[in-house]
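Subject: Handover of a structure and notes on its features

Dear colleague,

Please find below the structure that I am handing over to you. My notes on what was found in it follow directly after.

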Amino acid sequence: MRLFRPYEQGDSKKAEPADKTVKAEPGSSTDSSPSSATAAPRATSDETGSNAGKQAAKQPRTMKGSPTAKENRADTQETPVEQSKPQTRHVAKKGPTPTRAEAEAARRERLKPTLSKKEARKRERLAKRERQAAAMEAAERRPERSYIRDYVDARWTFSEFIMPIFLAVMVIWLATLFIAPAAVSVVNALSLGMLIVMVLWLIDSWRLWHGAKKGIRARYPNAPLRGLWAYLNNRAMTMRRWRNPEPRIKRGTKNN
């Protein structure tokens, strides 16, 4: 008698299609053979597995770089947590909101503050000094004054040394009065020396003014001469290193 092994039959043989019927062998009955009962359900499970494999084979495979794969990965990824916005801290008001009249009064106070008498005088002095400086700068820019500065700076003048001479004479005079008050001859000699210095200064001043005025008339015929003589003497009596504006030409430069 032939022995049937159902567990080997399902593994070795392929499942037949569902529409085919199993034919019974002659001389054997379906009731008496146990293999027929077990083979039917195993064939059904094999058919379902084969159909699922065919459907999976029919579906297209997605590439790694394809948009479909990226969409699938994007769906699987978790959405990032939104960053919390920084909360603005509310500063408490120091006081009630000023009215329009109060705001306008504060603005006028900032533009034109109320000053004390001392502060007002100080501000007036500063404003006066600024006006004088502006007027002096405007006067120094006049062409005739520029010519006088160059004319004096280009020459050796006696007036440049008159202030040191006066200072030395005054020191000697005071020392003589305290040390030897009876030395009248020394005091008289000092007085005579100061008179000589004054005469020499007048001669030097007239010489400088005569030459400068001639040059101004030739270069600037319409320029007014008022105040130029005093400006020339002030420039000539100031030592060269203390002159303002500073000399821009050297001594000996021709400036006729």
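Does Glu144 count as buried or exposed, and at what relative accessibility? Glu144 counts as buried, because its relative accessibility is 5%; buried means under 20% relative accessible area, exposed means over 50%, and partly exposed lies in between, with a 1.4 Å probe and protein chains only.

Please note first that this is a predicted model, in which local features need pLDDT of at least 70 and side-chain atom pairs count only at pLDDT 80 or more, while totals for chains, interfaces and linings use all residues. Residues are numbered from 1 along each chain as its sequence is written, and side-chain values use heavy atoms, with hydrogens and water left out.

Overall make-up

The chain has 9 helices and 0 strands; helices (H or I, at least four residues) and strands (E, at least two) are DSSP runs, numbered from the N terminus. Of its 256 residues, 19% count as buried. The accessible surface comes to about 21,900 Å², and 59% of this belongs to carbon and sulfur atoms; such areas come from the Shrake-Rupley method with a 1.4 Å probe, and for residues only the protein chains shown count as cover. Among contacts (heavy atoms within 4.5 Å) between residues at least 6 apart in sequence, 73% join residues at least 24 apart.

Helix α6 and its surroundings

Glu144 belongs to helix α6, which spans residues 143-153 and has 10 of its 11 residues buried. The buried residues of α6 pack against α5 (117-140), α8 and α9 (228-237). Beyond its neighbours within four places in sequence, Glu144 is in contact with Ile216, Tyr220, Ala223, Pro224 and Leu228. The side chain of Glu144 also has a polar contact of 2.6 Å with that of Arg142. A polar contact is a pair of N or O atoms within 3.5 Å; within protein, one must be able to donate a hydrogen and the other to accept it, and residues adjacent in sequence count only if both atoms are side-chain atoms.

Which residues of the largest nonpolar core touch the most other members? Of its 13 residues, these are Ile148, Ile216, Leu228 and Leu232. The elements that give two or more residues to this core are α6, α8 and α9. A nonpolar core is a set of buried Ala, Val, Leu, Ile, Met, Phe, Trp, Tyr and Cys residues joined through side-chain atoms within 4.5 Å. Leaving aside neighbours within four places in sequence, Ile148 is in contact with Ile216, Leu228, Tyr231 and Leu232. Among the buried residues of α9 are Leu228, Tyr231 and Leu232, and the buried residues of that helix pack against α5, α6 and α8.

Salt bridges

A salt bridge is a side-chain nitrogen of Lys or Arg within 4 Å of a carboxyl oxygen of Asp or Glu, and the count comes to 9.

- Arg149 and Glu140 meet at 2.4 Å, N to O, and both are buried.
- Arg100 pairs with Glu104 at 3.4 Å; both lie in helix α4 (residues 100-111), 4 residues apart. Arg100 is exposed at 69%, whereas Glu104 is partly exposed at 31%.
- Asp204 pairs with Arg207 at 2.7 Å. Being 3 residues apart in helix α8, Asp204 and Arg207 are separated by about one helical turn. Asp204 is buried at 6% relative accessibility, and Arg207 is partly exposed at 38%.

Arg243 is buried, with a relative accessible area of 4%. A polar atom of its side chain lies 2.9 Å from the backbone oxygen of Thr238.

A patch on the surface

Leu192, Leu195, Ile196, Val199, Leu200 and Ile203 make a nonpolar surface patch of about 570 Å². Patches are made of residues with over 30% relative accessible area and no salt bridge; like charges are joined within 9 Å, and nonpolar side chains (Val, Leu, Ile, Met, Phe, Trp, Tyr) within 5 Å. Val199 lies in helix α8 (residues 184-219) and is partly exposed, at 48%.

Yours sincerely
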